[in-house]
Amino acid sequence: MIDKPTNGLTWLSLAVSLLTIPAAFADAPAQAKADCAVAEFTMGLRFQQQSAEIQALQLQAYNIATLKLDAAVAAAKDPAKLAIVTDLDETVIDNSALLARDLANCHTYDAWDTWLPWERAGTPTLIPGAKKFLEHADSLGVTIRYVSDRADEQKSYTVATLSKLGLPQVSAESVLLLGPPKVERRAIVSADHQIVLLLGDTLHDFDGRFRKTPLAEQRATVAAEADKWGADWIVFPNAGYGTWSNAPLKAWKAETVIEPW
Ligand SMILES: [Mg+2]
């Protein structure tokens with residue numbers, strides 16, 4: 001998930017939504033119609049959850065990560081000093097079932113007011129290739145740090161979820177949640193490790209310059225850092241949500257000509 005409101009606001013909005021549930025049920029059709037802007041996300045979410053292409057892209061990303069990690073370990077004097085930092089949501093674990101449920105209910109899922117119950121009771125699945133890659137890193141003696149904007153107040157639930165999925169090196173120490181911005185949590189890791197790979201689906205998983213930055217600046221920074229993609233930075237596809245989700249589309253400025261073929 002991305003750029004959540006502060007935890008205080010999140011809890012407040014949760015409380016408000018609980019208080020307003022009876023009113024919502026009383027006027028369900030009108031409420032659904034008003035909220036159904038989220039239906040715009042259907043195609044993206046379908047691609048994210050159902051396409052074989054996403055599965056292939058995820059495996060491709062983890063295959064590249066494995067090659068890069070093996071090279072870093074081969075070049076290192078002490079692999080124990082190396083660390084990889086990975087995001088969780090839509091990088092290691094797949095939360096699309098929550099988004100699909102909310103979309104089916106015409107509930108705008110990127111307001112993130114259904115997220116905290118999902119952290120506590122949800123059942124995310126593994127992104128293809130994630131467990132194999134992390135187990136490989138673990139077998140090489142490389143330190144793994146899970147840096148996520150999940151709620152630190154609910155850390156025990158996230159740790160339990162990751163443990164249940166059988167991921168390696170899961171502990172209160174290895175899971176760094178929101179909290180300070182990710183750039184500060186990465187600095188905690190690099191204080192006593194050399195970070196050799198960053199993995200994520202959102203650009204601020206890689207660099208603080210992407211955080212809360214307009215799309216044009218994000219694109220300029222992506223281009224300026226062209227050599228890092230697939231090298232130090234392993235990016236994963238996420239068509240379900242992102243800072244781009246409401247960006248206007250650019251269209252071909254030509255009259256529509258319909259011609260059978
Ligand atoms: Mg993520």
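Here is a short walk through the predicted model, from the whole chain down to single residues. Residue numbers start from 1 along each chain as its sequence is written. Because the model is predicted, local features need pLDDT of at least 70 and side-chain atom pairs count only at pLDDT 80 or more, while totals for chains, interfaces and linings use all residues.

Let's begin with confidence. The protein chain has a mean pLDDT of 90, with 87% of its residues at 70 or more; pLDDT is the predictor's confidence in each residue, from 0 to 100. Residues 5-26 fall below 50, and this stretch has 11 contacts in the model beyond near neighbours in sequence. Here a contact means that two C-beta atoms, placed from the backbone, lie within 7 Å.

Now for the overall fold. The protein chain holds 10 helices and seven strands, taken as DSSP runs (H or I, at least four residues, for helices; E, at least two, for strands) and numbered from the N terminus. Of the contacts with a separation of 6 or more, 80% join residues 24 or more positions apart. Buried residues make up 31% of the 261 residues. A residue is buried if 20 or more other C-beta atoms lie within 10 Å of its own, exposed if 12 or fewer, and partly exposed in between, with C-beta atoms placed from the backbone.

The largest nonpolar core has 48 residues; such a core is a set of buried Ala, Val, Leu, Ile, Met, Phe, Trp, Tyr and Cys residues joined through C-beta atoms within 7 Å. Among those with the most contacts inside it are Ala-137 and Val-142. Leaving out residues up to four places away in sequence, Val-142 touches Leu-69, Val-73, Pro-79, Leu-82, Ala-83, Ile-84 and Ala-137.

Ala-137 leads us to helix α7 (residues 130-139), whose buried residues are Ala-130, Phe-133, Leu-134 and Ala-137. They sit on the same side of α7 because they cover an arc of only 95° around the axis, judged by the directions from the helix axis to the C-beta atoms. An α-helix has 3.6 residues a turn, so residues three or four places apart point the same way. The buried residues of α7 pack against α4 (52-75), β1 (82-86), β3 (125-126) and β4 (143-151). After α7 comes Gly-141, with a positive phi near 85°.

Lys-131 also lies in α7, but this residue is partly exposed, because 16 other C-beta atoms lie within 10 Å. Apart from residues up to four places away in sequence, Lys-131 touches Leu-126, Gly-166 and Leu-167.
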